[in-house]
Amino acid sequence: MTVFASPIRLVDMAGSLVMIVFSLLCIRQALGLGRRHPDNIVWTYLLWLSVCLGIFALSRSGGHILKQFFLMADQGQMWQALQPYSGSLNTLLLTVAAAVTLFFNRSWQIYQQIITDKQALQTAHAKVLDLNETLEKRVQERTDALLQHEKQMAHADRLASIGQLSAGIAHEINNPLGIIQGYTQLLLRSEPADTQRHEDLSTILKHAKNCKSIVEDLLNFARRSKPSAAVVDIHEVIEDALIFLEHRAKTPEVEIHKQFQSDIPSLQIDEKKIKQVLINLVMNAKHAVGEKGQIAIRTEYHPDVHQVLIRVKDSGYGIEPKDLKRIFDPFFTTKATGEGTGLGLAVSYGIIKSHGGDIEVDSTPGSGTEFRVILPVNGFT
């Protein structure tokens with residue numbers, strides 16, 4: 001049977017040309033990947049392997065094409081002479097490709113170790129930055145706390161000095177005032193009510209009582225006795241303070257809104273002193289709103305810090321920013337002469353501090369003022 005060799009030769013030559021084209025395309029693609037990712041060693045290995053295999057494809061395909069040309073030209077002996085050289089070149093190229101693979105296998109392991117070390121270094125760098133930021137934040141917080149503590153210490157020292165001075169003055173004035181008040185009352189008993197002398201003595205007695213009230217405030221401010229602890233319901237203390245104020249200063253046009261949280265636990269406090277604080281705050285609120293306005297009293301319990309918050313907010317004229325930082329200083333008042341001694345908030349501040357709590361104030365001129373009394377649930381510190 002005669003088999004025609006021409007189609008087989010054409011297919012062999014076409015296949016060889018296709019192998020050359022594909023090998024060149026692989027080299028081009030590997031070059032493109034290497035340019036886009038020059039730091040990736042995988043693409044470098046792929047380029048080297050593509051070059052080796054491309055040269056192999058040129059050698060082997062070129063040999064097949066040359067062989068077919070020699071056979072078609074009846075020059076088979078020439079191909080027989082060249083065939084060993086072509087085979088040797090192909091073997092050499094495959095050996096080079098294998099060596100490149102082994103070399104890059106080791107390089108790949110080193111590359112992976114470098115990548116791992118780089119990631120560990122980046123992670124450590126991020127942690128150092130985070131620690132540095134956290135450290136700066138903590139230093140700033142401690143610095144702020146220290147400054148606040150220094151201010152509180154300076155304020156406490158100033159209050160103590162003023163308290164000692166006030167106690168001395170009060171004791172010196174209290175006895176003469178008692179004598180004046182007593183003799184005035186004796187003289188009033190024997191004086192007819194409709195005489196000018198009775199009216200003059202009444203005026204003396206009235207102002208003596210006012211002076212006596214001021215002296216009592218001074219003594220209350222100077223006395224820094226430790227509160228007597230008792231477990232009480234803070235809502236009952238608030239209600240008692242409001243009832244006292246209702247009898248003392250009736251202001252029918254002033255609305256008082258109460259919003260009490262129902263699950264507030266009982267507090268270990270000095271009931272009389274805390275009631276005095278609440279009376280001071282509500283009295284100030286009434287003075288701020290005038291004849292008509294609104295006062296809101298709200299209680300909150302914060303179990304996460306074991307504290308109870310009492311808010312007393314009014315819709316009055318507010319406090320100027322320049323006065324706000326001095327609002328707890330003794331003898332500081334924005335009221336007119338004769339309407340206040342400036343000791344109410346200073347005394348309240350001392351009472352709350354002696355309970356281990358705090359008292360804060362926010363005010364916007366024209367919009368009202370809010371005082372916040374913070375008391376610990378578990379007694380004094």
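Val21, at 45% relative accessibility, counts as partly exposed, because that value falls between the 20% and 50% limits. The residue lies in helix H1, where Val18, Val21, Phe22 and Leu25 form a nonpolar patch on the surface with about 360 Å² of accessible area together. The model is predicted, and its chain averages a pLDDT of 84, with 93% of the residues scoring at least 70.

**Confidence**

- Among the elements of the chain, the lowest mean pLDDT, 81, belongs to helix H4 (residues 196-222), and the highest, 94, to strand S5 (residues 307-314).

**Helix H1 and its packing**

- The 31 residues of H1 should span 45 Å at 1.5 Å a residue, and the C-alpha atoms at its ends are 45 Å apart, which agrees with that expectation.
- The buried residues of H1 are Met13, Ser16, Ile20, Ser23, Ile27, Ala30, Gly32 and Leu33, and these buried residues pack against helix H2 (41-72).
- Arg9 is found in H1, which covers residues 6-36, and with a relative accessibility of 23% Arg9 counts as partly exposed.
- Leaving aside residues up to four places away in sequence, Arg9 touches Gln68, Leu71 and Met72.
- The C-alpha atom of Arg9 is separated by 105 Å from that of Leu324, a residue 315 places away along the chain.

**Leu49 in helix H2**

- Leu49 lies in helix H2 and, at 18% relative accessibility, counts as buried because the value is under the 20% limit.
- Not counting residues up to four places away in sequence, Leu49 touches Ala97 and Thr101.
- Although Leu49 and Val96 are 47 residues apart along the chain, their C-alpha atoms are separated by 9.0 Å.

**Salt bridges**

- The structure holds 11 salt bridges, and Arg298, Glu300, Arg311, Glu360, Asp362, Glu370 and Arg372 are linked in a network of such bridges.
- Arg372 lies in strand S7 (residues 368-376) and Asp362 in strand S6 (residues 358-364), so the pair ties together parts that are 10 residues apart in sequence.
- The two partners fall into separate accessibility classes: Arg372, at 13% relative accessibility, counts as buried, whereas Asp362, with a relative accessible area of 43%, is partly exposed.
- Arg372 also meets Glu370, their side chains forming a salt bridge at 3.1 Å, N to O, and Glu370, at 14% relative accessibility, counts as buried.
- Another salt bridge joins the side chains of Glu191 and Arg197 at 3.2 Å, N to O, and here Arg197 is partly exposed, with a relative accessible area of 48%.

**Helix H8**

- Helix H8 (residues 344-354) is mostly covered, since eight of its 11 residues are buried, that is, under 20% relative accessible area.
- The buried residues in H8 are Leu345, Ala346, Val347, Ser348, Tyr349, Gly350, Ile351 and Ile352.
- Just after H8, Gly356 takes a positive phi of about 75 degrees.

- Most residues other than glycine have a negative phi, which is why the exceptions deserve a separate entry.
- His306 is found in the loop between strand S4 (293-302) and S5, and with a relative accessible area of 43% His306 is partly exposed.

Conventions. Residues numbered from 1 in each chain as written. Predicted model: local features only at pLDDT ≥ 70, side-chain atom pairs only at ≥ 80, totals over all residues. Heavy atoms only, no water. Helix = DSSP H or I, 4+ residues; strand = E, 2+ residues; numbered from the N terminus. Buried < 20%, exposed > 50% of the residue type's maximum accessible area, 1.4 Å probe, protein only. Contact = heavy atoms within 4.5 Å. Expected span 1.5 Å × (residues − 1). pLDDT = per-residue confidence, 0-100. Patch = residues over 30% accessible without salt bridge, like charges linked within 9 Å, V, L, I, M, F, W, Y side chains within 5 Å. Areas by Shrake-Rupley, 256 points an atom, 1.4 Å probe, with all protein chains shown as cover. Salt bridge = Lys/Arg side-chain N within 4 Å of Asp/Glu carboxyl O.
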